[in-house]
Amino acid sequence: MRAEVGCDLVFDVSDHATIAVQVAAASSAATIEVEDFVVALDSRVLDAHELAVDHGGRVHMVRCDTGRLTLRYRAVLLVAPPEERELDEAETLLALRQSRYCPSDALEGFAETELGGLPDDADRGRAIGEWVHARLRNEPGSSGPLDDAVDTLLAGRGVCRDFAHLTIALCRAIGLPARLVSVYAPGLSPMDFHAVAEVAVAGGWEVIDATRAAPRQSLVRIATGRDAADTALCTTIAGSAELVASNVNAIVLGALPVDDHRVAVAVS
């Protein structure tokens, strides 16, 4: 499957800034046929230093003076399903630990009572995703940047990252390694960056998207981590910069796949 993905970001920089930007398709995501990454400050093109991080992630470090900073990313990719592989013990250990937005220890008693009857097999992650899908309302603007999985559970609503955080926290609470993946999501409406969960299964990692908002087969990995703290699209390391506009585009060249959430799906 071939896909075209990209985004445009605009920042107002009010103090000399260093910004870590994480919007490029992961090196593991696909074969990149064409790629263009341009950063400019008031129309003056800047260099962006690329850093390789875990799971094929790519962070671009941008340093700039004050002014209007614009970032344009475009890529054409050939996407293929990942090959099965043995799970890495260090990866699964990290994916079992609680994290900033996924306080799984606080949900252990709840998960044992509510989810204790789930079969101990490869379908557990999908069953938890179905549970979250049935109990949360997908409502743009309903959560804030500091809300964690417990806040989402109590509110009964959230956006994609909240769905993913609650899925991850509940999985960890019952001993199932889980992590968050930020993605480009062809088929998503309205279009934006998207977040899904991944759970450890025999042969690799399975995608769980409790929002059901886009076909999993079309997803293009950007970043992978414990939660949104590891996968933020931009982080101001120094200085002062405000994201004032963003536009995201992701399409497949051909028909969108039809997703059956009862079936396991993995992404590269």
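Predicted model: local features only at pLDDT ≥ 70, side-chain atom pairs only at ≥ 80, totals over all residues.
**Nonpolar cores**

The largest nonpolar core comprises 34 residues, and Cys7, Val23, Leu69, Tyr73, Tyr184 and Val220 are those with the most contacts inside it. At least two residues of this core come from each of the strands β1, β2, β5, β6, β12 and β13. Strand β1 provides the largest share, nine residues. The extents of these strands are tabulated below.

| Strand | Residues |
|---|---|
| β1 | 2–21 |
| β2 | 31–41 |
| β5 | 58–64 |
| β6 | 67–78 |
| β12 | 220–225 |
| β13 | 234–252 |

Beyond its neighbours within four places in sequence, Cys7 is in contact with Val23, Leu71, Arg72, Tyr73, Arg74, Tyr184, Phe193, Asn247 and Val248. Another core, of 27 residues, lies apart from the largest one; Trp131, Cys171, Leu176 and Leu180 are among its members.

**Glu206**

Glu206 is located in strand β11, which spans residues 204–208. Glu206 counts as buried because its relative accessibility is 3%, under the 20% cut-off. Its side chain forms a polar contact of 2.5 Å with the side chain of Arg126. When neighbours within four places in sequence are set aside, the residues in contact with Glu206 are Ala122, Arg126, Ala197, Glu198, Val199, Val201, Arg216, Ala264 and Val265.

**The β4–β5 hairpin**

Strand β4, residues 49–52, pairs with β5 in the antiparallel sense over four bridges. Glu50 has His60 of β5 as its bridge partner. Five residues lie between the two strands of this hairpin, in which His55 adopts a positive phi near 60°.

Notes. Residues numbered from 1 in each chain as written. Heavy atoms only, no water. Core = buried A, V, L, I, M, F, W, Y, C linked by side-chain atoms within 4.5 Å. Buried < 20%, exposed > 50% of the residue type's maximum accessible area, 1.4 Å probe, protein only. Contact = heavy atoms within 4.5 Å. Polar contact = N/O pair within 3.5 Å; in protein donor to acceptor, adjacent residues only side chain to side chain. Pairing = 2+ DSSP bridges.
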